[in-house]
Amino acid sequence: MDAHILFQLPTTVRFGFGVAAGVGDAVRALGGRRALVVTDLGVFAAGLLEGPLAALAAAGIEATVFDGVSGNPRDHECLAAVEAASAFAADIVVAIGGGSPMDAAKTTAALLTNGGSPQDWEAPKPLARDPLPIVAVPTTSGTGSEVTFYAVVTDTARAFKMSLFDTRLAPRIALVDPALTLSMPASVTAATGMDALTHAVEAYTGRLANPIADALAVGAIKLVAQHLPAAVRDGTDRAAREGMMMASLLAGMAFGNTDVAAVHCLAEAIGGRYDTPHGVANSVFLPHVFAFNAEAAPERHAAVAGALGLDVRDRGHAESAMGAVAAIAGLAAEVGIPRFAALAGVDPADFPLLAETAKRNVSDPSNCRELTADDYLALLRSAWAA
Ligand SMILES: [Fe+2]
């Protein structure tokens, strides 16, 4: 092996039931005194804010809550959060929620020190200055945003999910507490879990794969196969919740150091246009992209089948990969992910435009098989027909 690998993990991670109670200590450790808490109404309604807010107060941290984040965070919501933070003179940002509040928090923390709007810092442009420090407390198990260097925000004028990318966007501390996911609804558990699986599969099969990320990605795939159905069936299953939280974290570490690929290019295209939940959007495309990609990296796609728990002995790579396609589609159906054709608002007349949008995604070059806009169009059509 003669590979040069860059693997970065700037985030201090604490994992386990109850670690979210340490949020006040985490903020203090980073020198924070006045926290902007970025969250959404779902987190508030689930009663998940009270504990962290009490922990901040107990540590002597002043906090103000910004809960105006949508399911797919918008550019103008980040600007409103910046305004709230400035008015409060916040010196630290605490994200409590799923990928949307975390990505909005990361964007807000960046804009507070760099100025401008999210579009001014669109990837691949690096930030000019360090963001405010971020403490991330995920309440879903899928995004991995607590350890990644990305923030994905919808540019409302373009109806386009754009990315900010800089290692300094990584939260300084992540408190990854499966207890916060015990009340997550089954549909959100399913969608976010399929997002985690997609991160792991795209990290492992993508062009930027490396052996460190591979180990994390394979571990994540095994955990999803083992725990996602149980977590969806019974949300109070602590072992399943813990397994999915770990899967999400490992997958985040993996794709944060590699990239996602064509599944995310398609998912972000339809998310930007129709506001489709991100995990659902990934899930409907994952089997189709996997089948398309398999010939470009047969051994890797066969290895995914093994990680999913399929018996791949005495089978060729292509056969194993096709087994994984069926297993992934079967898992999505088992956990209740809707079919692409059943999603609200989706209009096949938009497919040529969506294919162009997917092709423009910054992660398109990371896919193991090169795609044209026509290839994306064919994938949209095959997912629609499934
Ligand atoms: Fe994702």
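Arg172 lies in the loop that connects β7 (160-165) with β8 (173-176), where helices (H or I, at least four residues) and strands (E, at least two) are DSSP runs numbered from the N terminus. The model is a predicted one, in which local features need pLDDT of at least 70 and side-chain atom pairs count only at pLDDT 80 or more, whereas totals for chains, interfaces and linings use all residues. Residues are numbered from 1 along each chain as its sequence is written.

With 22 other C-beta atoms within 10 Å, Arg172 is buried; on this scale, a residue is buried if 20 or more other C-beta atoms lie within 10 Å of its own, exposed if 12 or fewer, and partly exposed in between, with C-beta atoms placed from the backbone. When residues up to four places away in sequence are not counted, Arg172 touches Thr11, Thr12, Leu30, Pro133, Ile134 and Val135, a contact being defined by C-beta atoms, placed from the backbone, that lie within 7 Å. Between Arg172 and Val65, the separation is 107 residues in sequence and 20 Å in space, C-alpha to C-alpha.

The loop between α5 (99-114) and β5 (134-138) holds Pro124, and the peptide bond leading from Ala123 to Pro124 is cis, with omega near 10°. Asp130 is placed in the loop between α5 and β5 as well, and Asp130 counts as partly exposed because 13 C-beta neighbours lie inside 10 Å. Leaving aside residues up to four places away in sequence, Asp130 touches Thr113 and Arg168. Asp130 and Leu112 are 18 residues apart in sequence, and their C-alpha atoms are 9.7 Å apart in space.

Positive phi values in residues other than glycine were computed for Ala159, where phi is near 50°, and for Asp275, where phi is near 65°. Ala159 belongs to the loop between β6 (150-155) and β7, and Ala159 is partly exposed, having 15 other C-beta atoms within 10 Å. Asp275 is found in the loop between α9 (262-274) and α10, and is likewise assigned as partly exposed, with 17 other C-beta atoms within 10 Å.

Two helix pairs were examined, with axes taken as lines fitted to C-alpha atoms, for helices over the stretch in contact, and with angles running from 0 to 180 degrees between N-to-C directions. Helix α4 (residues 75-88) packs with α5 at an angle of about 55°, their axes being 9 Å apart. That angle makes α4 oblique to α5, given that angles under 35 degrees count as roughly parallel, over 145 as roughly antiparallel, 65 to 115 as roughly perpendicular and the rest as oblique. The crossing of α4 and α5 is right-handed; a crossing is left-handed if the near helix is turned anticlockwise from the far one by less than a right angle, and right-handed if clockwise. In this pair, Glu77, Cys78, Ala81, Val82 and Ala85 of α4 meet Ala104, Thr107, Thr108, Leu111 and Leu112 of α5. By class, the contact of α4 with α5 comprises seven nonpolar, two polar and one charged residues, where Ala, Val, Leu, Ile, Met, Phe, Trp, Tyr, Cys and Pro count as nonpolar, Asp, Glu, Lys and Arg as charged, and the others, Gly among them, as polar.

For helix α10 (residues 278-293) and helix α14 (residues 373-385), the axes come within 9 Å and cross at roughly 125°, and α10 and α14 are therefore oblique to each other. The crossing by which α10 passes α14 is right-handed. From α10, Val284, Phe285, His288, Val289 and Phe292 meet Leu379, Ser382 and Ala383 from α14, and the residues of this contact divide into six nonpolar, two polar and no charged.

At the level of domains, the assignment gives domain 1 (12-181) and domain 2 (186-385), with bounds that come from an automatic or database domain assignment. The centres of the two domains, taken over C-alpha atoms, are separated by 25 Å, and 27 residues of domain 1 are in contact with 28 residues of domain 2. On the side of domain 1 that touches domain 2, the elements giving two or more residues are β1 (12-15), β6 and β7, and the largest share, three residues, comes from β7. The residues of that side of domain 1 divide into eleven nonpolar, 14 polar and two charged.

Terms used
Two residues are in contact if their C-beta atoms, placed from the backbone, lie within 7 Å.
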